[in-house]
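Got the viewer open and a cartoon on screen? Here is a short tour, with something to select at each stop.

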Amino acid sequence: MRTRSKARSRAVEALFESEQRSVPISEVFDRNPEVNDYAVEIAQVVVDNSTRIDEIISTYLADRTIERMPALDRAIARVAVAELVWQQDTDTSVIVSEAMEIAESLSTENSAKFLNGLLGAIAKSRGSISSL
């Protein structure tokens, strides 16, 4: 697995664990000091911008609220949106494709299809979405 791919997956796992255990993301990473720097960086972008990220996701959800999304799917979407908005140097297709791979690996095929639609819609507006 490529370094960034592994980092994205680890960021998703850490965010999921942080939410499920109600502990700070730093505590999750402190227990695994060998984690890739990019995993820590992108997870911190999610934490620092969680309100805006959730607003963006909510805007594109057609028939549910973000709270009704499975927690793992929510973590995958948050990492992808963080990269789409705050990591402009990363190619859109790579971000969406790797989110699908993570969903297929950690979640379900239905989750991958759902996230593909959601993130595809967000990605189409990438240039016009504000980080504010």
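Select Asn36 and show its side chain: Asn36 caps the N-terminal end of α3, and one of its side-chain oxygens sits 2.5 Å from the backbone nitrogen of Tyr38. Keep in mind throughout that you are looking at a predicted model.

Now extend the selection to residues 37–48, which is helix α3. Its 12 residues span 16 Å from the first C-alpha to the last, close to the 16 Å expected at 1.5 Å a residue.

Which residues of α3 are buried? Colour Tyr38, Ala39, Ile42, Ala43, Val45 and Val46, and you have them. Turn the view so that you look down the axis of α3: the buried residues fall within an arc of 150°, so they line one face of the helix. Then pick Asp37 and Asp48, which are exposed on the other side of α3.

Next stop, the core. The largest nonpolar core has 45 residues, and the ones to highlight are Ile57, Leu115 and Leu119, which touch the most other members. Colour by helix and you'll find that α1, α2, α3, α4, α5, α6 (92–106) and α7 (109–124) each put at least two residues into this core. The largest share, 10 residues, comes from α5.

Zoom in on Ile57 and show what surrounds it. Beyond its neighbours within four places in sequence, Ile57 is in contact with Ile66, Met69, Ala77, Arg78, Val81, Leu118 and Ile122.

For contrast, jump to Pro24, in the loop between α1 and α2. Draw a distance from its C-alpha to that of Ile57: the two are 33 residues apart along the chain and separated by 22 Å. Is Pro24 buried, exposed or partly exposed? Partly exposed, with a relative accessible area of 47%; the label "exposed" needs over 50%.

Most residues other than glycine have a negative phi.

Technical notes
Residues are numbered from 1 along each chain as its sequence is written. This is a predicted model: local features need pLDDT of at least 70, side-chain atom pairs count only at pLDDT 80 or more; totals for chains, interfaces and linings use all residues. Side-chain values use heavy atoms; hydrogens and water are left out. Helices (H or I, at least four residues) and strands (E, at least two) are DSSP runs, numbered from the N terminus. The expected span of a helix is 1.5 Å times one less than its number of residues. Buried means under 20% relative accessible area, exposed over 50%, partly exposed in between (1.4 Å probe, protein chains only). The arc is that of the directions from the helix axis to the C-beta atoms. A polar contact is a pair of N or O atoms within 3.5 Å; within protein, one must be able to donate a hydrogen and the other to accept it, and residues adjacent in sequence count only if both atoms are side-chain atoms. A nonpolar core is a set of buried Ala, Val, Leu, Ile, Met, Phe, Trp, Tyr and Cys residues joined through side-chain atoms within 4.5 Å. Contact means heavy atoms within 4.5 Å.
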